[in-house]
Amino acid sequence: MAHAAVSSPGVDVADGAPAAALERPDFQIVPRAGLPIVAVVLGLLIAGIAVNKLWPLEFLHVVGGAAWTVIDLFLGFILGPILGKLSVPARIELTTRLMPKMVLIMPTVVTVTLAAGWQLGTHLGTVQSSYHLHGWVVASFIVVGVMAVIALGLLEPANIAVLTELKKPRPKPEVVERLMKRFIYTAGATGLMQVATFVIMTRLAAG
């Protein structure tokens, strides 16, 4: 998995001397340019819930869920190993360009998936205990609920903490390394859990 964006055998110096300052590109922890896009997506979500029609709800839920799955699998199983093999400057460059975008993307994707999914279940009646596959629906609630807690309670705080540390004049490599590992590992864990959602969703679609 990924190592620290600023960790390198040549970064620390002996005899307790302070580490040399690392060159980092300027970045925003929360990219303001992306906020209008988030507002548009959330506006579409509110509109879809308000009209309570099948197609908008299915579109929002499927697109949000697909994006969530792809992001988790990509971060955990593709980007993580790549990060571990990059040079320190390349790690810093990639981290400071990617992670701020994730600050906006993950909460938005999770919110759209869960809110549209619940409204869709209400619209179709699948959340009712009388539904013949209600047990599978409850299982999906449990799996998705755990993934949401991991994404918003572990992955997102680790993301923000990494960026905050990198904003400091002299970021601590061990802190960044620990936080980056948490970010990549939790993304990989939720990626594996997405496989369980595939099983559940295909069973529900089969009726």
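Me: What are the ground rules for the numbers and values?
Reply: Residues are numbered from 1 along each chain as its sequence is written, and side-chain values use heavy atoms, with hydrogens and water left out. Since the model is predicted, local features need pLDDT of at least 70 and side-chain atom pairs count only at pLDDT 80 or more, while totals for chains, interfaces and linings use all residues.

Me: How many helices and strands are there in the protein, and what makes a run count as one?
Reply: Helices are DSSP runs of H or I with at least four residues, strands are runs of E with at least two, and both are numbered from the N terminus. By that rule the protein has five helices and zero strands. From the N terminus the order is α-α-α-α-α.

Me: Why is T126 called buried?
Reply: Buried means under 20% relative accessible area, exposed means over 50%, and partly exposed lies in between, with a 1.4 Å probe and protein chains only. T126 has a relative accessible area of 17%, so T126 is buried. T126 sits in the loop between helix 3 and helix 4. Leaving out residues up to four places away in sequence, T126 touches G121, Y131, H134 and V137, where contact means heavy atoms within 4.5 Å. Of the 207 residues of the protein, 40% count as buried.

Me: What makes R182 partly exposed?
Reply: The relative accessibility of R182 is 36%, so R182 falls in the partly exposed class. R182 lies in helix 5 and touches L154 and A158, not counting residues up to four places away in sequence. R182 and A158 are 24 residues apart in sequence, and their C-alpha atoms are 6.7 Å apart in space. Among contacts in the protein between residues at least 6 apart in sequence, 84% join residues at least 24 apart.

Me: Which class does N52 fall in, and what is its phi?
Reply: N52 has a relative accessible area of 27% and is therefore partly exposed. Its phi is near 55°, a positive value in a residue other than glycine. N52 is placed in the loop between helix 1 and helix 2.

Me: How do you know that helix 3 and helix 4 are roughly antiparallel?
Reply: Axes are lines fitted to C-alpha atoms, for helices over the stretch in contact, and angles between N-to-C directions run from 0 to 180 degrees. Angles under 35 degrees count as roughly parallel, over 145 as roughly antiparallel, 65 to 115 as roughly perpendicular, and the rest as oblique. Helix 3 and helix 4 pack at about 160°, with axes 10 Å apart. The pair is therefore roughly antiparallel. Their crossing is left-handed, a term for a near helix turned anticlockwise from the far one by less than a right angle (right-handed if clockwise). Residues making the contact include M99, V103 and M106 of helix 3 and A151, L155 and E156 of helix 4.

Me: How do the residues of the contact of helix 3 with helix 4 divide?
Reply: Ala, Val, Leu, Ile, Met, Phe, Trp, Tyr, Cys and Pro count as nonpolar, Asp, Glu, Lys and Arg as charged, and the others, Gly among them, as polar. The division is 19 nonpolar, three polar and one charged.

Me: Why are helix 2 and helix 5 called oblique?
Reply: Helix 2 and helix 5 pack at an angle of about 135°, with their axes 8 Å apart. That angle puts the pair in the remaining class, so helix 2 and helix 5 are oblique to each other. Helix 2 passes helix 5 in a left-handed crossing. Among the residues in contact are W68, L75 and G76 of helix 2 and F183, A187 and G188 of helix 5. By class, this contact has 11 nonpolar, seven polar and one charged residues.

Me: What makes a set of residues a nonpolar core, and which members of the largest one touch the most others?
Reply: A nonpolar core is a set of buried Ala, Val, Leu, Ile, Met, Phe, Trp, Tyr and Cys residues joined through side-chain atoms within 4.5 Å. Of the 32 residues in the largest one, W68, L75, M106 and F183 touch the most other members. Helix 2 (54–85), helix 3 (88–124), helix 4 (134–167) and helix 5 (173–206) each give two or more residues to this core. Helix 4 provides the largest share, 10 residues. Apart from neighbours within four places in sequence, M106 is in contact with W68, I71, D72, A151, L155 and E156.
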